[in-house]
Amino acid sequence: MSNESQQQMNVKPLKASQSGTASKKDFLAHGTIEHIDITKNPGVVPVVEAMQHMAFSARDLHRAADIYDRMLKDKQCGVILTLAGSLISAGLKKVIVDMVKNNMVDAIVSTGANIVDQDFFEALGFKHYIAEDKLKSGLFDGELRDHALDRIYDTLIDEEELRICDETTQKVFDEMEAGPHSSREFIRAMGDYLDKNGGPKCADSIVYECFKRDIPIFCPAFNDCSAGFGLVAHAVARGYDNARTATWDGGKDFYELTQLKIKNPTTGILMLGGGVPKNFTQDIVVCAEVLGHDAPMHKYAIQVTVADVRDGALSSSTLKEASSWGKVDTVYEQMVFSEATLAVPLIVGYAYHKGSWKQRTAKKWSTLLEPAAVA
């Protein structure tokens, strides 16, 4: 990295005073988050199947698992996974990596936090730490700040390590060609960076596995994560000179994902959380129509969320409501009102051990978008 680039990124948190009775080491002494391995739990199938005879969320969860299995049986179906909320830091990374490795997903649409601040962060060799139970009270957050520790409910991240992640994204972007890029292209470059530097410094990485398998990852709010800091530092170091600066083009994101819908009309979506990834993915049906293509609604749809439908928020809008917008068909759709760390290992574990994915072939959707010239 050039000297001018280095001057744009301060990797030492200025407000960390290291005060208080406990040390940073004390706060991080309770172990690290371990990612659950669904491949080792075949007993999940009879458990989920038994839930179909229960009621409330148990029956909903069984139907969602069955719909996901149907997606995988349908050889024409392209499966899109959406991620919102702190899922990787919570221990779901290996579930998603196993989906990628076993042709259970063809594209990912995510918040930047999951992909960059959490997955790429761990691929650089860093960890998410288990927070002592008392820290959930919020009474110690000032002391955590003094030690440059960031809290996600019952999980801790070392801010100094996160700043290194920020800095690394700048290094990646510094090597890219100037001009507008989709988030998919930036994330692919991050996978290439890992590949050229000996691979991930951890057991698994979503960014890296998707890079190797030509599975596109989109972050429709790409600035809202470590990549945003990297983009700003990259642009400032180049004086915002368009001839020397790689920039993020959100319109290109939308165009590329819509192209996948146009080229693969039968689609299913598995949405973990809601927010921008949910709406972005549902909207590609409408966008295809705007571009003059009669693309069918998403044939299959599942959403796992804790958002309440009564609050009027996007994250809580039901899949039936999405049908009124022409986005989701209502034959195979299911809402599961559950926190993701509870529901996702059951839904995905069920589909994994049912084995329908064994008959699928990799769609390699990234190859359809290289290059993706906008008419």
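## Helix packing, salt bridges and aromatic contacts

H5 and H15 pack at an angle of about 20°, and their axes are 10 Å apart. The structure is a predicted model, in which local features need pLDDT of at least 70 and side-chain atom pairs count only at pLDDT 80 or more, while totals for chains, interfaces and linings use all residues. Residues are numbered from 1 along each chain as its sequence is written, and side-chain values use heavy atoms, with hydrogens and water left out.

### Two helix pairs

Two packed helices are described by the angle between their axes and the distance between the axes. Here, axes are lines fitted to C-alpha atoms, for helices over the stretch in contact, and angles run from 0 to 180 degrees between N-to-C directions. Helices (H or I, at least four residues) and strands (E, at least two) are DSSP runs, numbered from the N terminus.

Back to the opening pair, with its angle of about 20°: this makes H5 roughly parallel to H15. Angles under 35 degrees count as roughly parallel, over 145 as roughly antiparallel, 65 to 115 as roughly perpendicular and the rest as oblique. H5 passes H15 in a left-handed crossing (the near helix is turned anticlockwise from the far one by less than a right angle; clockwise would be right-handed). On the H5 side, Ala 90, Leu 92, Val 95 and Met 99 meet Ala 340, Thr 341, Val 344, Pro 345 and Val 348 of H15.

Helix H12 (residues 250–263) and helix H13 (residues 275–290) cross at roughly 70°, and their axes come within 9 Å. H12 and H13 are therefore roughly perpendicular to each other. From H12, the contact (heavy atoms within 4.5 Å) uses Asp 253, Phe 254, Leu 257, Thr 258, Lys 261 and Ile 262, and H13 contributes Phe 280, Thr 281, Asp 283, Ile 284, Val 285, Cys 287 and Ala 288.

### Salt bridges

A search of the whole structure turns up 22 salt bridges, each being a side-chain nitrogen of Lys or Arg within 4 Å of a carboxyl oxygen of Asp or Glu. Here are three of them, with the N to O distance for each.

| Salt bridge | N to O distance |
|---|---|
| Lys 354 and Glu 49 | 3.5 Å |
| Asp 106 and Arg 360 | 2.7 Å |
| Arg 238 and Asp 174 | 3.1 Å |

Lys 354 and Glu 49 form a salt bridge; because Lys 354 lies in helix H15 (residues 340–354) and Glu 49 in helix H3 (residues 44–51), the pair ties together parts that are 305 residues apart in sequence. Lys 354 counts as partly exposed at 39% relative accessibility, and Glu 49 counts as partly exposed at 28%. On this scale, buried means under 20% relative accessible area, exposed over 50%, and partly exposed in between (1.4 Å probe, protein chains only).

Asp 106 and Arg 360 also form a salt bridge. This pair links distant parts of the chain, 254 residues apart: Asp 106 is in the loop between helix H5 (88–101) and strand S2 (107–110), and Arg 360 is in the segment after H15. Asp 106 counts as buried at 3% relative accessibility, and Arg 360 counts as buried at 7%.

The side chains of Arg 238 and Asp 174 meet in a salt bridge as well. Arg 238 sits in the loop between helix H11 (226–237) and strand S8 (246–248) and Asp 174 in helix H8 (residues 159–174), so this pair ties together parts that are 64 residues apart in sequence. Arg 238 is buried, with a relative accessible area of 14%, and Asp 174 is buried, at 15%.

### Aromatic pairs and buried places

The structure holds 9 aromatic pairs. Rings of Phe, Tyr and Trp (its six-membered ring) pair if their centres lie within 6.5 Å; planes under 30 degrees apart count as stacked, over 60 as edge-to-face and the rest as tilted. Phe 173 and Phe 222 form a tilted pair, 6.3 Å centre to centre with 55° between the planes. Both Phe 173 and Phe 222 are buried, and Phe 173, Phe 186, Phe 222 and Trp 248 form one aromatic cluster.

Which residues does Ser 183 contact, leaving aside its neighbours within four places in sequence? They are Ile 217, Phe 218, Cys 219, Phe 222, Trp 248 and Asp 253. Ser 183 lies in helix H9 (residues 183–196) and counts as buried at 0% relative accessibility.

In helix H6 (residues 112–123), 11 of the 12 residues are buried, so this helix is largely enclosed by the rest of the structure. H6 is followed by Gly 125, whose phi is positive, near 105°.
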